[in-house]
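Colleague: I am new to this structure and would like to learn how to read it, one feature after another. Please begin with a single residue.

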Amino acid sequence: GTHTRTPMQAATRTGRRTVRAVPLHSTGGGASALHFNSRRTGGGVSGFAALAACLVFAPHSSASAAISLDARCHRPRGRGSEHGSKVGEGEFASVLFISPLLGAGHCTSMRGELASRQQLQRMRLSAELPVRRLRVGSTALLHVRCLNRLLVDPWEVQEDGPGKIAIVLPADDGRVKHVKKILKSENGKTLRIGVVDAGMEEDAVVQWQDDGALKLEIPGNGAHLTSPFPDHLRPRVDLLIALPRPSNIASFLHVAAQMGVANIILCNAAKVQADYFGSHLLRPPQRNMREALKAGLEQAGDVALPKVHVAHRLKVFLEDELEAMCPDTVRIVAHPQKDWLPPLPTIRQIEVKPHSRLLVAVGPEAGWDDPYELELLAKHGFQGVSLGSRTLRTDVALPSLLALAHDRLLAADLD
């Protein structure tokens with residue numbers, strides 16, 4: 001997410017995550033607008049995750065502010081292709097404006113002009129060029145192409161002659177089918193790849209083998225691709241989430257990896273059914289769980305695989321393991337704001353020092369047990385925060401909270 005510092009433009013690189021905040025054209029009455037560009041290391045989050053994260057900014061902005069969402073994921077035909085990037089499976093390219101102005105049938109367009117809702121619905125962002133420049137008022141935004149990153153495991157990297165490495169994937173591998181049928185990459189084209197928990201390469205050269213296998217040649221000696229990923233560059237957000245129903249575990253892990261977390265703790269809670277812990281995803285060797293996390297990283301263009309921990313007893317985990325796993329973190333727990341509760345702060349109102357870490361606690365679909373679990377969390381340093389009075393499903397609250405957590409860390413670093 002981004003933290004807008006109106007009227008100045010701020011661009012920063014936090015770890016390996018490039019974030020830009022730009023003031024948009026005023027919507028009138030002195031209110032500014034926020035441009036939310038969810039882009040991690042040249043990749044992007046899924047359309048749903050970006051939409052949910054953007055929507056949650058509305059209650060936390062001024063009443064007449066407009067919010068612009070631009071979250072795109074273009075799947076390329078090949079770097080340097082004369083045809084540029086083509087719109088492919090999973091693309092989310094749209095501009096969304098959220099404001100009470102919509103009730104009047106108008107809102108500020110990308111050029112700062114008043115446009116009707118029908119006109120906005122017809123707005124489309126072309127993907128014909130790998131790089132586009134959009135002009136907002138007097139501020140120009142440079143949008144680099146947003147591509148996925150093909151991920152491989154460290155054991156798939158092999159020597160390819162003296163001082164050279166390469167990656168060879170068999171013809172029946174799902175990644176090979178994607179490169180061949182979706183990306184349509186030919187010999188000599190390049191792909192963005194990464195090795196899990198290691199390095200990245202922007203120009204891996206495609207070489208198709210006679211048996212249909214895919215060989216990716218790495219320029220140079222490939223040392224940058226095999227070096228362990230530095231811990232200090234991992235995301236500074238951790239997630240404590242009550243174990244969801246088995247059918248949702250993989251999708252939640254996918255979203256968490258997209259948004260950027262370092263640790264995921266799947267914990268028990270009073271309203272979590274005991275048989276949820278019998279899910280095949282939690283059984284060794286947890287291959288399906290790893291694949292779900294890798295899919296999220298591929299979407300985001302990252303390689304830092306989140307570490308997953310399973311806590312069968314919430315109280316025991318908080319008392320015996322939490323401090324060792326997440327020391328010196330700012331801890332927040334989400335809870336709906338109700339009329340009978342004292343006012344809960346928003347995430348932006350939580351005190352966070354520069355270069356801090358955030359631990360976000362998300363309860364089960366039925367919510368944390370009140371008051372026992374909420375008091376237990378508060379005893380261990382969790383501060384209550386609210387996204388508003390609405391009761392949100394976990395699949396909506398999760399990307400929203402993670403986006404706001406990253407936004408808060410960025411704001412603290414910029415102050």
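Colleague: Where is the place of R236?

Modeller: Helices and strands are DSSP runs numbered from the N terminus (helices: H or I, at least four residues; strands: E, at least two). By that reading, R236 sits in the loop between α4 (223–226) and β18 (237–242). This is a predicted model, in which local features need pLDDT of at least 70 and side-chain atom pairs count only at pLDDT 80 or more, whereas totals for chains, interfaces and linings use all residues. Residues are numbered from 1 along each chain as its sequence is written, and side-chain values use heavy atoms, with hydrogens and water left out.

Colleague: Does R236 count as buried or exposed, and with which side chain does that of R236 make a polar contact?

Modeller: Buried means under 20% relative accessible area, exposed means over 50%, and partly exposed is in between (1.4 Å probe, protein chains only). R236 counts as buried because its relative accessibility is 15%. A polar contact is a pair of N or O atoms within 3.5 Å; within protein, one must be able to donate a hydrogen and the other to accept it, and residues adjacent in sequence count only if both atoms are side-chain atoms. The side chain of R236 has such a contact with the side chain of D413, at 2.4 Å.

Colleague: How should I read a sheet, and what is the order of the six strands in the open sheet with mixed pairing?

Modeller: Two strands pair if DSSP finds at least two bridges between them. For angles, axes are lines fitted to C-alpha atoms, for helices over the stretch in contact, and the values run from 0 to 180 degrees between N-to-C directions. A contact means heavy atoms within 4.5 Å. The mixed sheet has the order β12-β15-β16-β17-β14-β13. Its edge strands, β12 (150–152) and β13 (157–159), each pair on one side only. From one strand to the next, the twist averages 45°. Helix α3 (residues 174–183) packs on this sheet and touches β12, β14 (165–169), β15, β16 (200–208) and β17 (214–217); the direction of α3 makes about 165° with that of β12.

Colleague: Why is β15 largely enclosed by the rest of the structure?

Modeller: Six of the six residues of β15 are buried, so the strand is largely enclosed. T190, R192 and G194 point one way from β15, while L191, I193 and V195 point the other way.

Colleague: How many bridges join β12 to β15, and over how many do β15 and β16 pair?

Modeller: Three bridges join β12 to β15 (residues 190–195), and these two strands run parallel. L150 stands opposite I193, and L151 stands opposite G194. The pairing of β15 with β16 is antiparallel, over four bridges. There G194 stands opposite M200 in β16.

Colleague: Which residue in the turn of the hairpin of β15 and β16 has a positive phi?

Modeller: It is D197, with a phi of about 60°; four residues lie between the two strands. D197 is a residue other than glycine, and its relative accessible area of 28% is why it is partly exposed. D328, in the loop between α8 (322–325) and β21, has a positive phi near 55°. At 71% relative accessibility, D328 counts as exposed.

Colleague: What is the order of the open sheet with parallel pairing?

Modeller: This sheet of six strands runs β20-β19-β18-β22-β21-β23. At its edges stand β20 (307–311) and β23 (382–385), each with a single partner strand, so one side of each has no neighbour in the sheet. Neighbouring strands are turned by 20° against each other on average, direction ignored. β21 (residues 329–334) and β23 pair over four bridges in the parallel sense, and V333 has G384 in β23 as its bridge partner.

Colleague: How many disulfides does the structure hold?

Modeller: Taking a disulfide as a pair of cysteine sulfur atoms within 2.5 Å, the structure holds zero. C267 is buried, at 0% relative accessible area, and C326 is buried at 1%.
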